[in-house]
Amino acid sequence: MADHCTFCKIINREIPSKIIYEDDLVLAFDDIKPAAPAHVLIVPKVHLDSVDEVSAQDPIVAVLVNRASHVAKQLGLREGYRLVINNGDNGGQTVYHLHLHLLGGRFMTWPPG
Ligand code: AMP
Ligand code: ZN
């Protein structure tokens, strides 16, 4: 738990969210400002600021990807989806608690902005 972290507060139910999936390692909830018909954030329950804090020995990113696949199936995104991790200010990261964006429900254009 990091003080003043929005996602830690969501994990601790101090801020409400629409929870899509939960287990002992991760929480998945709807993005408050969806960029696609389906836009779910998958976050580790342990606070890490960003991918820059993930060690090679830590399986958390593999867990996030695995749970994203699970959530995509749960949401019926059979035609595909996109997974995004924004990192740092120029990467577009605005919440400094590691998270995976799961976007789907429409064709995702490339390259992203
Ligand atoms: P990023 O810009 O990659 O750090 O992503 C942060 C995401 O968190 C943005 O897409 C925001 O819309 C989303 N967000 C911020 N606050 C909340 C909240 N209270 N509940 C759900 N999503 C949020
Ligand atoms: Zn946090």
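This note sets out numbered points on a predicted model.

1. The zinc site. The zinc ion (ligand 2) is held by four donor residues: C5 and C8, each through SG, and H47 and H97, each through ND1. The coordinating distances run from 2.1 to 2.3 Å. Along the sequence, the spacing of these donors is C-x2-C-x38-H-x49-H.

2. The geometry at the zinc ion. The angles subtended by the four donor atoms around the zinc ion (ligand 2) are 100 to 116°, and the arrangement is therefore tetrahedral.

3. The surroundings of H97. The relative accessibility of H97 is 0%, and H97 therefore counts as buried. When neighbours within four places in sequence are left aside, H97 is in contact with C5, F7, C8, I11, V43, P44, V46, H47, L48 and D49. This list includes C5, C8 and H47, which are also donors to the zinc ion (ligand 2).

4. The aromatic pair. How many aromatic pairs does a search of the whole structure find? The search finds one. The pair consists of F7 and F29, whose ring centres are 5.4 Å apart and whose planes meet at 75°, so the pair is edge-to-face. Since F7 belongs to helix α1 and F29 to strand β2 (residues 26–30), the pair ties together parts that are 22 residues apart in sequence. F7 and F29 are both buried.

5. The site of ligand 1. There are 16 residues around ligand 1, and D31, N86, T94, H99 and H101 come nearest. A polar side-chain atom of N86 is 2.8 Å from an oxygen atom of ligand 1. The backbone of V95 places a polar atom 2.9 Å from an oxygen atom of ligand 1. For I32, a backbone N or O atom lies 3.1 Å from a nitrogen atom of the ligand.

6. L83 is found in strand β4 and has a relative accessible area of 31%, so it is partly exposed. Apart from neighbours within four places in sequence, L83 is in contact with V65, A68, L100, H101 and L102. The C-alpha atoms of L83 and L103 are separated by 6.5 Å, although the two residues are 20 residues apart along the chain. E79 sits in the loop between α2 (60–75) and β4. Is E79 buried or exposed? E79 is exposed, because its relative accessible area is 86%. Its C-alpha atom is separated by 21 Å from that of D31, a residue 48 residues away along the chain.

7. Backbone features to check. The peptide bond joining W110 and P111 is cis, with omega about 0°, and P111 lies in the segment after β5. H4, which is not glycine, has a positive phi near 65°. H4 belongs to the segment before α1 and is exposed, at 71% relative accessibility. R13 is likewise not a glycine and has a positive phi of about 65°. R13 lies in the loop between α1 and β1 (19–22) and is partly exposed, at 46% relative accessibility.

Conventions:
Residues numbered from 1 in each chain as written. Chains lettered and ligands numbered in written order. Predicted model: local features only at pLDDT ≥ 70, side-chain atom pairs only at ≥ 80, totals over all residues. Heavy atoms only, no water. Donors = N, O, S within 2.8 Å, 3.2 Å for Na, K, Ca; no water. Tetrahedral: all angles 85-135°; square planar, octahedral: opposite > 155°, others 65-115°. Phe/Tyr/Trp six-rings, centres within 6.5 Å; stacked < 30°, edge-to-face > 60°. Helix = DSSP H or I, 4+ residues; strand = E, 2+ residues; numbered from the N terminus. Buried < 20%, exposed > 50% of the residue type's maximum accessible area, 1.4 Å probe, protein only. Contact = heavy atoms within 4.5 Å. Near = heavy atom within 4 Å. Polar contact = N/O pair within 3.5 Å; in protein donor to acceptor, adjacent residues only side chain to side chain.
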